[in-house]
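User: I have a protein chain to study and some questions about its fold. Please take me through it step by step.

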Amino acid sequence: MVMATTGAALAAGIVTTSAGGAGAQTSSAPGVTANSITVGTISTQTGTLASNFGSLIYGEKAYFDYINSQGGVNGRKIDYKYALDDGGNPTTFNQLANTLINQDHVFAVTGVGTAFFTPNLFVEAGIPTYGYNVTGNWAPQPNLFAAGGSVQYYPAGAPQVSFVARKTQAKPSIAFIAYGIAASADACQSEQNALQAAGYTISYSDLKVNYPGSTVATDVQRMKQAGTNLVASCMDVQGNVSMARAIQQYGAHITQLWFNGNDASTLAQNQSLMQGIYFGIAHVPFSAPQSEYPGLKVYIAQMKKYAPNYVYDEVAIQGWESAALFVQGVKMAGNNLTQANVIKQDNSITAFTAGGLESPVNWKDAGHTGHAPPYCVAYIKVSGSNYVPTLNTGKNVFNCFESISPKKDPVFPLPAGTPAPA
């Protein structure tokens, strides 16, 4: 990571820290002292859903430890004082939100990771809020910043699915599978509708699978009977693994495209089931050459130092990205360190990449109200014990689409701001 103060560096999420200067200024904002900024987070760390959210806090804390090791931001260190667990209970989540804001008086909530995020209190308080969006209710409030963009723009997924279909199948016969909840089904429904309208064969669809996907074996049997040769899954890791097991058990020759499960522990536990599975992700793959992607090199080095058990975890990187956006806003706020100004500064960034880790987010124009192209994705494929970049061009790991049409291919060279080989 290059330490710089240029406008381009700020837009990319590259932070210069300083032991002096703005830190000497006073601030009346909650949670702020002359040498510290107190923040907190709420995530599901225990209970049934913990596997989907629990590691968020480790990526978040690792980023703060990394920044603090350099002296903090403008002379203030980040005091990551509260890491609260809602246990996967919506009532508990709301209680903890009230505690963080009205009792603990944190300056910001820097990592929300739960299926039960309720934005009302955060919006009313005008508090900078960051986290992992799986529910689609982070937009359009200007103080809510979900990693990768607060809007889940489902139409952008259609060309990403169709590209895999065209590249892997001579005559695609596609299935879609999802849980019967909006956070899962809406994405697959949108992609399915777009591909069907574009003339693709949709041979099977079940968007009402019961969580956690233990009954998906029946779906696999029906896919096989329908002649499906590619399935796009909007389920979580548990459901995807259950599907992969059934595909292997029934000898179904079905290529799989997952959007969850890109972490070392999942592959280590299910290596024989996951061979040949494709993934579409928004960040630079963990297996990309670090010499070509310096942002990845920084991330891996610091995670190994501060959170070694979560280096290659797809949720931990969401925490890192959330923390990076918060720190960027604080840095840009300078002497005027208020919650409103941090929100304003983050919303002025037009190509945030968390230091070259993720596809760019335009917080000024599209981050809260709806995405504008490019729609970028990095494809990886399981080969042996590794997730290997695939369907890419040269050393570049991203494919970027300038259209939501399922018939359009990615564009090259990459759009400005997209992380590319150094």
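User: How does the span of helix 12 fit its number of residues?

Analyst: This is a predicted model. Helix 12 covers residues 294-306, which is 13 residues.

User: Which residues of helix 12 are buried?

Analyst: A residue counts as buried when its relative accessible area is under 20%. In helix 12 that picks out Gly295, Leu296, Val298, Tyr299, Ile300, Gln302 and Met303.

User: What covers those buried residues of helix 12?

Analyst: Look for elements in contact with them, with heavy atoms within 4.5 Å. The cover includes helix 3 (56-69) and helix 13 (316-333).

User: Where does Asn74 lie, and is Asn74 buried or exposed?

Analyst: Asn74 sits in the loop between helix 3 and strand 2 (77-85). Its phi is positive, near 55 degrees, and Asn74 is not a glycine. Most residues other than glycine have a negative phi. The relative accessibility of Asn74 is 6%, so Asn74 is buried.

User: Is Leu391 buried or exposed?

Analyst: Leu391 lies in the loop between strand 12 (386-389) and strand 13. Leu391 also has a positive phi, about 55 degrees. The cut-off for buried is under 20%. Leu391 has a relative accessible area of 19%, so Leu391 is buried.

User: Which residue does a cis peptide bond join to Pro373?

Analyst: Most peptide bonds are trans. Here omega is about 10 degrees, and the bond is cis.

User: What is omega for the cis peptide bond that joins Phe412 and Pro413?

Analyst: Pro413 is in the segment after strand 13 (398-401). The cis bond joins Pro413 to Phe412. Its omega is about 5 degrees.

User: What radius of gyration does the chain have, and how does a compact globule compare?

Analyst: The chain has 422 residues, so a compact globule would have a radius of gyration near 22 Å. The C-alpha trace spans about 70 × 45 × 35 Å along its principal axes. The chain agrees with the globule value, with a radius of gyration of 21 Å.

User: What share of the contacts in the chain comes from residues 24 or more positions apart?

Analyst: The chain has 14 helices and 13 strands. Buried residues make up 57% of its 422 residues. Now take the contacts with a separation of 6 or more. Residues 24 or more positions apart account for 68%.

Definitions and conventions
Residues are numbered from 1 along each chain as its sequence is written. This is a predicted model: local features need pLDDT of at least 70, side-chain atom pairs count only at pLDDT 80 or more; totals for chains, interfaces and linings use all residues. Side-chain values use heavy atoms; hydrogens and water are left out. Helices (H or I, at least four residues) and strands (E, at least two) are DSSP runs, numbered from the N terminus. The radius of gyration is taken over C-alpha atoms; the globule rule is 2.2 Å times the number of residues to the power 0.38. Buried means under 20% relative accessible area, exposed over 50%, partly exposed in between (1.4 Å probe, protein chains only). The expected span of a helix is 1.5 Å times one less than its number of residues.
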